[in-house]
Amino acid sequence: MTGTLQLNGLRITTGSRLVVNLTRQVAPGDVLTIMGPSGSGKSTALAAMMGTLAPAFRAEGQILLAGRDITTLPPHKRGVGLLFQDDVLFPHLSVGDNLAFALPPSVKGRAARRAAIDAALDQADLSGFAPRDPATLSGGQRARVALMRTLLARPCALLLDEPFSRLDASLRVQIRNFVVSRIRTEGLPAILVTHDAEDAHAAGGHVVTPLGEAVTL
Amino acid sequence: MHRRHFLITAAALLALPAQAQSQADWDNVLQQARGQTVYWHAWGGDPKINDFITFVGEQAEARHGVTVAHVKLASTADAVARVLSERNAGTVAGGAVDLIWINGENFAAMKDQGLLFGPFAENLPNWPLVDVAGKPAVVTDFTLPTMGYESPWAMAQLVFEYDSTRLAEPPRSLAALKDWILANPGRFTYPQPPDYLGTTFLKQVAYGTLSDPSVMQLPLDEATYEATVAPLWAWLDAVTPALWRSGAAYPQNEPALGQLLADAEVDIGFALNPGRASAEIAAGTLAETVRTFTFDSGTIGNASFVAIPFNATHQAGAQVIANLLLDPEIQARAQDPNVIGFQTVLDLSSLSDADRARFDALELGLATLSPEDLGPALLEPHASWMVRIGQDWVERYGVAQ
Amino acid sequence: MITGGLLRWAPRLTLALLILPVAAGLLGTLIPAFANDANGFHALLDWPGLRPAALLSLTTGVSATAMSLAITLVLVASLWGTRFFGLIQHVLAPLLSVPHAAAALGLAFLIAPSGWIVRLLSPWATGWEQPPDLLILNDPYGLSLTLGLVTKEVPFLFLMALAALPQTDGARRMNVAQSLGAGRIAAFVISVLPSLYRQLRLPVYAVLAYSMTAVEMAMILGPTRPNTLSAQVVIWMADPTLRFQATAAAGAVLQLGLVVLALAGWRGLERLARRGMVSLARAGLRAHALDAIARSLAIGAGTVTAGALGLGLAGLATWSVAGLWSFPAALPDTLTLTTWARAAPDLARTGALTLGIAVTATTLSLALVLACLEAEHRYALSPDARSLWVLYLPLLVPQVAFLPGLQFAALRSGIEGHWLAVAAAHLVFVLPYVFLSLAPSWRAWDTRLSVAGLSLGATPARVFWRLRLPVLLRPVLTAAAVGMAVSVGQYLPTLLIGGGRVETVTTEAVALSSGGNRRLIGTYALLQMLLPAAGFALALLVPAWLFRNRRGMAVTA
């Protein structure tokens, strides 16, 4: 299922200004970190990979995922999972229903779906949390639910949009380790966007600016 | 259909005016009517009358299988306008209006423009019971012969209403009324013409001021009109400053005037229904001390009719309702002061003993005058007077100076 | 339902649904007005009441608009962010749903010389054993009418201002201005008002157009010697002989011209005011002394507006259960349910029809509005200023100017008099309000929720039905309740397109108002209020119950 995420000459311009220029390959289980100050085009690069680029931007180049060209596919057909700065759990659904929303329809039968959700909660140390209101969870718990939700959709790649920046210091290390270890276990190519050198360091892979220049930590 | 009706009516008129059409024809009408819903367009401003129409509908349903839908109008003119706009839009059949409560200028306008079905009234089985001789207004609507194009269902006469605790001796002539108004400023008014009751009051004033009121039985003559009606305007000019709100505002219609009396904003009101005050007292909306009076020289009287538009969808059902309204039981109910207190159009002497007993059993009601005390009913002037006086009133008093 | 191809067309379809009826109706009015050598205009000019009626339309409309706007702005400027503001918000919001006719009827009883205020003060304070002979209702200057319009338009403008405030960044700007030494009012005028007014401009124009041409309020509260121009046009249209159809059409055209003139004049005033504000800012307006005055003014005006409406409606409710109630008793001598019992079958029938029409018009409007907003979101369409004007078109063009023409078209096509035709006519007025009510919340949607849904593999349709609609259930239901309230309150479209045969609680209430039977009027007016109130209650309770265990869905005010 998993394969390499390839950015072939991905160039994004707004007006005459070049904001993203990337040619990179991310192998399964690897994390590419894009670092830069705010407004430098990090989020624009993610939006292009997600398929949600605003009309004001013009993109060229190719995005390949496991050999499949996803450059022009609509977001829901790309198989690209996304973790936000905040957990972005659906507020009207229980923790279990949030996870069930992500579960592909190919998992059939009430019992099988239930089992898949329980297993995911177990892996995140959240056993028995299925009926809970997400708003009653702690920040760390919500972050773990969000990650498990993303993984349950069985993405072929993972995009991380500063997912740790809102967490306090102790929690931050814990969640970061949890996320990175899940990426390695699942064998997903991942792209992390951050302005925090420590995050970049912990992710372990290459670090570049949105314009493709290598960054040394 | 029209042609056949015309021939039958013509024959009936020539031979025996009181004779209804044959039973077979009427059976035919009844059969067509069964299952129809008759849209009866009638002024809907009085809940007692609305209840009465509901009752008529129940009777029609039970007796003839005809349903009545009361389309409540703010003004009868709305229904007339509707039929006219339908004709202008080419709707010559399947019109929305089946039956209209109508009289006076609305009838004149519709008849003049050929908007009415008929003649039908004198073919109705209950027609022989109508008191044509004793109540000529049932076949003469504002001097216009009805020719069977509308069927009467209630008699009306202008009566004044007052609260006997506030006013000991009411003014029983137009001159006395003027003196009383001037002596009690702010305590009298009339509905704003061209409202029906308001214009009726103007005609009542005309009866008391014109040197020869009988000229109003003919269409008005432009050459002499201004001079003829000058005394009417002189009377109004004299009282207007002493009217309620100094004549700067007027109630919009009969119920609005009635509400002013109930609220003690005026001391004398009036209505075109001798039983209204009693009915309001019975309904608990007017003080029990309210009484009525008329002028010694008489007040204007007329009849209420129903007419059927030329393009009515349910003409058979509408005729059944018109006939039902002449039924002695229904007529007695309408005259009951606890219901609406409208006076009957029937000749009581032509009724069976059982039916006459229904009328004899009715109590007059606290405030209703007996037929003797009601005094003479003055004939309605020709409709042209009502229209013109109403227009001139608007010009003289309808725009603030 | 929400499929790609159709969805893309939704905005254009919706705009057409708003433009076409108005344009066709206007044409249907213009043609008879100018037909036969424009003899309608000759007749109009011959009418002795023309000058005062036209003048009344201008004076009542402009003064009602100016007062409503002033009260709204003073309320916002001096109370925004205070405890009072929340209170006023809770009191005024439900008043928006009170139909104009019910409001006018309630007010009429309150301020009449035999009304509640005088009764409460008599005879102990006034010495009046009989109602005083004072010309309060139907006064020749239209003051009662103006007051009636103000009580209805303040809640509208206030809620529009509430919706616009978050987009003005007002709180921060006020803080900055106040930290620079300006008083509260001065800070508001200089820093918030310009951007707030830009958002309020179209609602204000709608209020101006409505106030100048209100028919049912003018018939109940307005002058009668002569009537206002719009009321007179409706009277002419109803003339039995149809002799005045051309006059009515000419009057409608004149009314349209007056509205255009007033709007142009208002725009001129806007320019002057803007220049004035710039110089105030340059002069370094501080005006701390103003704050206390404005505050008491705001509390006073808010109380009078809400109180007049609330007390008037309470008065109608009392009348509906009154037996004999003579002057100067403050309460009825006897109480009875006779009126209700007698009216029950009619109330049930007209109530059911009213509801049926309102539900139909609202459901269609809601579907169209959701389709438009979803199309806007999915295809990244940015609605231009012109579409906003189109949205306001049915609210800016006077009803008396285009509904008669529309009635003629309906009559020709044979759909007139059917309740579905009435529902379709209501759609034209319901849709803009549903859109205006829903769009801010819909657009304020956290798009990350959509992106999260898509990134989990959900199709855009699934995101719409499973995420956006349920999360926005409260504003969606509120918009539906607004739509219901607008439909329930419609008088002229129901009367004309229904051909008198489609009886709703509103047409009944107005028909009864001519009769002055306050007891029966009370029952209809109350039902007229209860229907929208029930809608708003459901809009509040249903999401609260559904999401009772979801703290993240709680109202954040």
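Predicted model: local features only at pLDDT ≥ 70, side-chain atom pairs only at ≥ 80, totals over all residues.
# Three chains and their contacts

Trainee: How many helices and strands are in chain C?

Mentor: Chain C has 22 helices and zero strands. Helices (H or I, at least four residues) and strands (E, at least two) are DSSP runs, numbered from the N terminus. The radius of gyration of chain C is 24 Å, close to the 24 Å of the globule rule for 557 residues, so chain C is as compact as a globular protein of that length. That radius is taken over C-alpha atoms, and the rule is 2.2 Å times the number of residues to the power 0.38. The C-alpha trace of chain C spans about 70 × 60 × 55 Å along its principal axes.

Trainee: What percentage of the residues of chain C count as buried?

Mentor: The figure is 55% of the 557 residues of chain C. A residue is buried if 20 or more other C-beta atoms lie within 10 Å of its own, exposed if 12 or fewer, and partly exposed in between, with C-beta atoms placed from the backbone. C:Gly535, which lies in helix H22 of chain C, counts as buried with 25 C-beta neighbours inside 10 Å.

Trainee: With which residues is C:Gly535 in contact, leaving aside its neighbours within four places in sequence?

Mentor: C:Gly535 is then in contact with C:Ala481, C:Met484 and C:Ala485. By comparison, C:Ala38 is 497 residues from C:Gly535 along the chain, and their C-alpha atoms are separated by 47 Å.

Trainee: How many residues of chain C are in contact with chain B?

Mentor: Chain C contributes 42 residues, in contact with 44 residues of chain B. Helices H15 (399-413), H21 (505-513) and H22 (518-546) of chain C each supply at least two residues of the side that touches chain B. H21(C) gives the most to that side, with three residues. By class, the side of chain C that touches chain B has 16 nonpolar, 17 polar and nine charged residues. Here Ala, Val, Leu, Ile, Met, Phe, Trp, Tyr, Cys and Pro count as nonpolar, Asp, Glu, Lys and Arg as charged, and the others, Gly among them, as polar.

Trainee: And how many residues does the contact take from chain A and from chain C?

Mentor: The contact of these two chains takes 22 residues from chain A and 21 from chain C. On the chain A side, E6 and H2 each supply at least two residues, and E6(A) gives the most, with three. That side of chain A divides into 15 nonpolar, five polar and two charged residues.

Trainee: Changing topic, at what angle do the axes of H4 and H5 of chain A cross?

Mentor: The axes of H4 (residues 139-152) and H5 (residues 169-186) of chain A come within 10 Å and cross at roughly 15 degrees. That makes H4(A) roughly parallel to H5(A). Axes are lines fitted to C-alpha atoms, for helices over the stretch in contact, and angles run from 0 to 180 degrees between N-to-C directions. Angles under 35 degrees count as roughly parallel, over 145 as roughly antiparallel, 65 to 115 as roughly perpendicular and the rest as oblique. Residues of H4(A), including A:Ala143 and A:Leu147, meet residues of H5(A), among them A:Ile175 and A:Phe178. The contact of H4(A) with H5(A) has seven nonpolar, three polar and three charged residues.

Trainee: Where does A:Val88 lie, and is it buried or exposed?

Mentor: A:Val88 lies in the loop between strand E6 (80-83) and helix H2 (95-102) of chain A. A:Val88 is buried, with 21 other C-beta atoms within 10 Å. A:Val88 has a positive phi of about 50 degrees although it is not a glycine.

Trainee: Which peptide bond involving B:Pro119 is cis?

Mentor: The bond from B:Gly118 to B:Pro119 is cis, with omega near 0 degrees. B:Pro119 lies in the loop between helix H5 (104-112) and strand E4 (140-141) of chain B. In chain C, a cis peptide bond joins C:Phe327 and C:Pro328.

Conventions:
Residues numbered from 1 in each chain as written. Chains lettered and ligands numbered in written order. Contact = placed C-beta atoms within 7 Å.
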